[in-house]
Amino acid sequence: MKNTIVLIAACAVWTSASAGNVQIQVLDRDGKPVPDAVVVVYPGAATGAQPSLLQASPTIEQEKMRFVPAVTVVPAGATVRFTNQDRWDHHVRGNPTGAAAAGAAAPSASSNFELRLAGKADGKPANFADVKLDAPGVVLLGCHLHGSMRGHVFVTDSAWTLKTDNDGIARFPAVPDGGAQVRVWHAEQLVDLPRKALNVVPGPVLDTVQLSVVPRVRRAPAATPSNTPGGPAGSYSLAPAHGGHVHSGS
């Protein structure tokens, strides 16, 4: 029995080592870790089942005059839900950005969209709208009513796509062995970095990519007085709520 347990453990170690576990750390110009950078791995021999690293239907909140999260990564064809948690209206605008947006030859029509969400009433569910993003690309999010609001949706064409954590690291399990390419995107890296060649081998593969900028630290949102129904910009509307509204782009 003891020998059987040892054999099973050995097989598990061998199986884990037969697939490349890739870790990419993104650093800023000064060599410090960068969170919320998007790392895309393009394996040269991506065959068979691919990992499910991303949510098929994520939610982006409008909360305290922000898009939360500020960067959302989705696969092409995903439906993104926008939910207004603030007491005032938001007008969500999506526009394609970036000359080489995730390798797309031309921006998709679904990357251009506009919708308005009424503010959340006390004791009522938040209003929401759904947008389907069909093609790879980077979508810049904004709000006509509140010019300071900015966010991004990165629509990827690779199953191996993740955001970096607080240590600036994206960790990919089971990347197919062999040659691969790595792309790194960050909202403040205005000039796209060239893709980096990577050789994936059984066992851990570690590499770094350095930006040419130092991203600004996202400040905490300012507190809003409870007696200000229109929010910091006073953009309050009595427009009817749009709960459950579905919008698939224009």
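This is a predicted model: local features need pLDDT of at least 70, side-chain atom pairs count only at pLDDT 80 or more; totals for chains, interfaces and linings use all residues.

Trainee: Which elements have the lowest and the highest mean pLDDT?

Mentor: One begins with the overall figure and then turns to the elements. The average pLDDT of the protein is 80, and 73% of the residues score at least 70. Among the elements, helix H1 (residues 2–17) has the lowest mean, 37, while strand S12 has the highest, 97. Over residues 1–18 the pLDDT stays under 50, and the model has five contacts for them beyond four places in sequence. Residues 233–250 also have a pLDDT below 50, and this stretch has 42 contacts in the model beyond near neighbours in sequence.

Trainee: Let us turn to the sheet. In what order do the four strands of the open sheet stand?

Mentor: Strands of a sheet pair through backbone hydrogen bonds, in either a parallel or an antiparallel manner. Here the order is S12-S2-S14-S15, with antiparallel pairing. Strand S12 (161–163) and strand S15 (196–200) are at the edges with a single partner strand each, so one side of each has no neighbour in the sheet. On average, neighbouring strands of this sheet are turned by 30° against each other, direction ignored.

Trainee: How many bridges join S14 to S15, and how many does S2 form with S14?

Mentor: S14 and S15 run antiparallel and are joined by five bridges; Gly179 has Asn199 in S15 as its bridge partner. S2 and S14 pair over six bridges, again in the antiparallel sense, and here Val39 stands opposite Val184. Between strand S2 (residues 38–43) and S12 there are three bridges, also antiparallel, with Val38 opposite Lys163.

Trainee: And strand S9: is it mostly covered or mostly open?

Mentor: Strand S9 (residues 127–133) is mostly covered, as five of its seven residues are buried. It pairs with strand S6 (residues 78–84) in the antiparallel sense over seven bridges. Ala78 has Leu133 in S9 as its bridge partner.

Trainee: Which residues have the most contacts inside the largest nonpolar core?

Mentor: The largest nonpolar core has 22 residues, and Val22, Val39, Phe172 and Val184 have the most contacts inside it. Two or more residues each come from strand S1 (20–27), S2, strand S13 (169–175), strand S14 (178–185), S15 and strand S16 (203–210). Val22, leaving aside its neighbours within four places in sequence, is in contact with Ala170, Arg171, Phe172, Val175, Leu198, Val200 and Val205. Another core lies apart from this one; it has 19 residues, among them Val74, Leu117, Val153 and Val155.

Trainee: Now the single residues. Does Val191 count as buried or exposed?

Mentor: Relative accessibility decides the class: under 20% is buried and over 50% is exposed. Val191 has 61%, and therefore counts as exposed. Val191 is in the loop between S14 and S15. Its C-alpha atom is separated by 9.8 Å from that of Leu211, 20 residues apart along the chain.

Trainee: Where is the place of Ala45, and what does Ala45 count as?

Mentor: Ala45 is in the loop between S2 and strand S3 (59–62). Its relative accessibility is 40%, so Ala45 counts as partly exposed. Ala45 and Gly179 are 134 residues apart along the chain, yet their C-alpha atoms are separated by 7.8 Å.

Trainee: Which residues does Gly178 touch, not counting those up to four places away in sequence?

Mentor: Gly178 touches Leu198, Asn199 and Val200 on that count. Gly178 lies in strand S14, and with 24% relative accessibility this glycine counts as partly exposed. From Gly178 to Asn199 the C-alpha distance is 5.6 Å, for a separation of 21 residues in sequence.

Key: Residues are numbered from 1 along each chain as its sequence is written. Side-chain values use heavy atoms; hydrogens and water are left out. Two strands pair if DSSP finds at least two bridges between them. Axes are lines fitted to C-alpha atoms, for helices over the stretch in contact, and angles run from 0 to 180 degrees between N-to-C directions. pLDDT is the predictor's confidence in each residue, from 0 to 100. Contact means heavy atoms within 4.5 Å. A nonpolar core is a set of buried Ala, Val, Leu, Ile, Met, Phe, Trp, Tyr and Cys residues joined through side-chain atoms within 4.5 Å. Buried means under 20% relative accessible area, exposed over 50%, partly exposed in between (1.4 Å probe, protein chains only).
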